[in-house]
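Dear colleague,

I am passing this structure on to you, with some notes on what turned up in it. Please look at it before reading further.

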Amino acid sequence: MKRQSFKNQRRNEDVRRNLSVLIRDEVKDIRVSPFCDVTGVDLTPDLQYCKVYVSCLGSEESLGKTIEGLKAAAGFLRRELARSLNLRHTPELQFVPDHSVEYGSRMDALINKVKEEDEARPVGEVVNQDNHYKEDEE
């Protein structure tokens with residue numbers, strides 16, 4: 001996987017920041033949830049396409065409706081993005097649902113559950129009695 005240059009990273013961050021503001025302040029579509037967030041942007045090096053990763057607080061249905069609303073407003077967002085940024089080409093926007101926030105909160109809950117179980121266990125008790133390792137299985 002090729003590393004992005006600092007210039008490309010800066011462009012991605014500028015596009016992400018401007019899209020976040022545009023979606024929050026300018027998009028009036030009722031399908032777009034007020035709790036949606038642009039978590040990341042992946043701009044191609046030729047500036048033709050841009051994947052916009054969107055996360056939404058709430059149900060999967062809410063995220064789906066938000067993506068539909070953003071796809072409908074893609075032309076407007078592209079035009080406003082061209083006005084606010086000085087890019088050679090204004091990229092075509094592709095909206096992708098991002099589930100990383102949900103995944104992270106699920107992992108955090110599992111870690112907290114294991115931590116609570118570990119703290120409740122008496123000191124010196126064997127953690128997993130049924131799992132015996134053999135020396136030759138390495």
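Which side chain meets Glu-13 in a salt bridge? The partner is Arg-16, with 2.7 Å from N to O, where a salt bridge is a side-chain nitrogen of Lys or Arg within 4 Å of a carboxyl oxygen of Asp or Glu.

Before the rest, two remarks on how to read the values. This is a predicted model, in which local features need pLDDT of at least 70 and side-chain atom pairs count only at pLDDT 80 or more, while totals for chains, interfaces and linings use all residues. Residues are numbered from 1 along each chain as its sequence is written, and side-chain values use heavy atoms, with hydrogens and water left out.

Arg-79, Glu-80 and Arg-83 are linked in a network of salt bridges, and a search of the whole structure finds seven salt bridges.

Turning to the sheet, three strands form an open sheet in the order E1-E2-E3, with mixed pairing; two strands pair if DSSP finds at least two bridges between them. Strand E1 (36-43) and strand E3 (92-97) stand at the edges, each with a single partner strand, so one side of each is left without a neighbour in the sheet. E1 and E2 run antiparallel and are joined by seven bridges, and they form a hairpin with five residues between them, where Leu-47 in the turn has a positive phi of about 65°. E2 (residues 49-56) and E3 run parallel, joined by six bridges. Tyr-53 in E2 is the bridge partner of Gly-40, and Tyr-53 also stands opposite Val-96 in E3.

As for the cysteines, a disulfide is taken as a pair of cysteine sulfur atoms within 2.5 Å, and by this rule the count comes to zero. The sulfur of Cys-56 is 6.0 Å from the closest cysteine sulfur, in Cys-36, which is too far for a bond. Cys-56 counts as buried at 6% relative accessibility, and Cys-50, whose bridge partner in E3 is Leu-93, is buried with a relative accessible area of 0%.

Finally, Ser-33 lies in the loop between helix H1 (6-25) and E1 and is buried, with a relative accessible area of 12%. Leaving aside its neighbours within four places in sequence, Ser-33 is in contact (heavy atoms within 4.5 Å) with Cys-56, Ser-62 and Thr-66.

Definitions and conventions:
Helix = DSSP H or I, 4+ residues; strand = E, 2+ residues; numbered from the N terminus. Buried < 20%, exposed > 50% of the residue type's maximum accessible area, 1.4 Å probe, protein only.
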